[in-house]
Amino acid sequence: MLKCRTVWKKLAPLARDSSTLSRQSVRRAGLTNGSAVRVPATHMSSGSAGGGGENKLYVLLVGAACLGGGIYAYRTVKGDQQRYMERMAEISSRPHKAASQKTTIPSQSEPPAVEATETEAVPEPKLQAALSPEEPSPPAPDAEAAAPCESAEPLPADSSPASPSVPSHAPYLLIGGGTASFAAARSIRARDPGARVLIVTEESDLPYMRPPLSKELWFSDDPGVTETLRFKQWNGKERSIYFQPLSFYIHPEEFNSAENGGVAVLTGKKVIHMDVRGNKVKLDDDTEISYDKCLIATGGMPRNLQAIERAGEDVTKRTTLFRKIDDFKSLDKVSRSISSITIIGGGFLGSELACALGRRSTESGLEVIQMFPEKGNMGKVLPEYLSNWTTEKVKKEGVKIISEALVKSVNYKDDKLEIQLKDGRLVKTDHIVAAVGLEPNCDLAKSAGLEVDSDFGGFRVNAELQARSNIWVAGDAACFYDIRLGRRRVEHHDHAVVSGRLAGENMTGASKPYWHQSMFWSDLGPDVGYEAIGIVDSSLPTVGVFAKATAKDTPKAATEKSGTGIRSESETEDTAVSPVASSTPAPAVEQHKDGYGKGVIFYLRDKVVVGIILWNVFNRMPIARKIIKDGEEHADLNEVAKLFNIHED
């Protein structure tokens, strides 16, 4: 139609001129003949005189223009109708596309709140009419211009985005969803209240505490503990294994729009590549996220025995590498459906799980076996006399101990796992728990160009836990330099908390050195537990000072007094300034008695205390921390033991 109007505007002056010229010619002819001639005002002359050729040309042009305009109008209307039909068909197919996407994509997120609101605002009858397969009536030629654009159109009620929205940029990016990452996130938010922090974790769970997985959760009387993941501390108080509830976090889709910032957790995603020059990472789904500051807190993976790895699928699927919530749930289920379970490993984790399952064995008849290459439980940590005492304690919990056991091979035969030891002994069992240590996760070192320590493993960092510009490392994966004890790598909850907190502060510009001496603890049930700090290695010379224990010298009593089951939560970086020693005389060092109620074990290197274990002595860690920090030689460690008041009832 627009072309017709354009043609008409160009031809109108010609038509008027031609008509005027024709009338004038007729008048001249009439006057010449002596008679008047009436010329109809509404007709144009077609005679041969006075411009008849131009009239024919005019008629031809007008006819062609009208014909072209008619064809254009027809095609426009037909095209509008076709586009309308295609639009309706596309809208009606969206529910089917969304359904197919839900079956192929494992993790789906709900539509944003704005989209949901818009969908609810659409009247249901109109939505059904739009999706009707019947052919709609053709719209007016200009209906397309009045229709809303596609982005403004509300989605069907049952549609959802194809995948969760992943922020393309994070001012603070934390790789790993463990304790160190959570501590860093809280520290960043404390110093920068409006900060946006994104945590990327391979696990499907929000950040949680790992210690209860091998301790309190096993002693819960709640049959649904594997689902609730709530447990009672030794003091009777109940709490969740998660650091914070879901409401504490913001959704990843709201990451960029959150007015006051917040912490978002992207679960089920793994960072597989780091571009340190471009300040960005790539996920396992090829998504890229850029960052301003980045923390690597990837923790570690449980080690396995080579004999198990090369044994085949029948053995590996009957073996648990204990580390995560899913491992706890799986082992709990397995232990209720089999008759025998064997724990390989005599360290903290192996001994804790042995005691926990041993207590269950008294009720269910489950046979619990613990084997390790050392002579006694925690033989690499405790002095031999104390390791032997601990072994007897574990036996009393219903555990069968096989010491000095080196695994040669593992096979699956006659519905049983057969563990062949190098000395010829054969152990048959239904399930194996391999608790033989942790391997720091340093997969990103190659792509990021970061240095991994050849002796201790983990990313080498400076005093401020920094590996490179804008990259920090905390937790199990950090190999740091201790100004008192040299380069170290620590795998304990307290270290993850404090190193994560310090890394978070430094990411906001604090520039603080890591001088903290982290502690760790282990409980063999509610009655026996210990706390340790520094280098505790049974190959070092040790001096133990013990006293008679009372009812208050147990982990249960300690948590009743402190109000927390995670004892390092009451820890601070402060050390005791002037501890008050007990006036009670100290007895001689008791290293060869059968009973070790409570006491202090000092670990020496070049006559200087480098490690301390507080055996059933709690809430004295600041004193131990100060002793190691001072780095002095002590002529009489009995006098030093007085600082812990172990001889007071």
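**Aromatic rings: notebook**

I began with a charge over a ring: R318 lies over the face of Y412, 4.0 Å from the ring centre, where the criterion is NZ of Lys or CZ of Arg within 6 Å of the ring centre and within 35 degrees of the ring normal. I note that the model is predicted, that local features need pLDDT of at least 70 and side-chain atom pairs pLDDT 80 or more, while totals for chains, interfaces and linings use all residues. Residues are numbered from 1 along each chain as its sequence is written, and side-chain values use heavy atoms, without hydrogens and water.

Next I searched the whole structure for aromatic pairs and found eleven (ring centres of Phe, Tyr or the six-membered ring of Trp within 6.5 Å; planes under 30 degrees apart are stacked, over 60 edge-to-face, the rest tilted). One of them is F182 with F243, stacked at 4.7 Å centre to centre and 5 degrees between the planes. Because F182 lies in helix α7 (residues 179–191) and F243 in the loop between β4 (238–240) and β5 (262–266), this pair ties together parts 61 residues apart in sequence; helices (H or I, at least four residues) and strands (E, at least two) are DSSP runs numbered from the N terminus. F182 is buried at 5% relative accessible area, and F243 is buried at 19% (buried is under 20%, exposed over 50%, partly exposed in between, with a 1.4 Å probe and protein chains only).

I then turned to F348 and Y530, a tilted pair at 6.4 Å and 45 degrees. F348 is partly exposed at 24%, whereas Y530 is buried at 1%.
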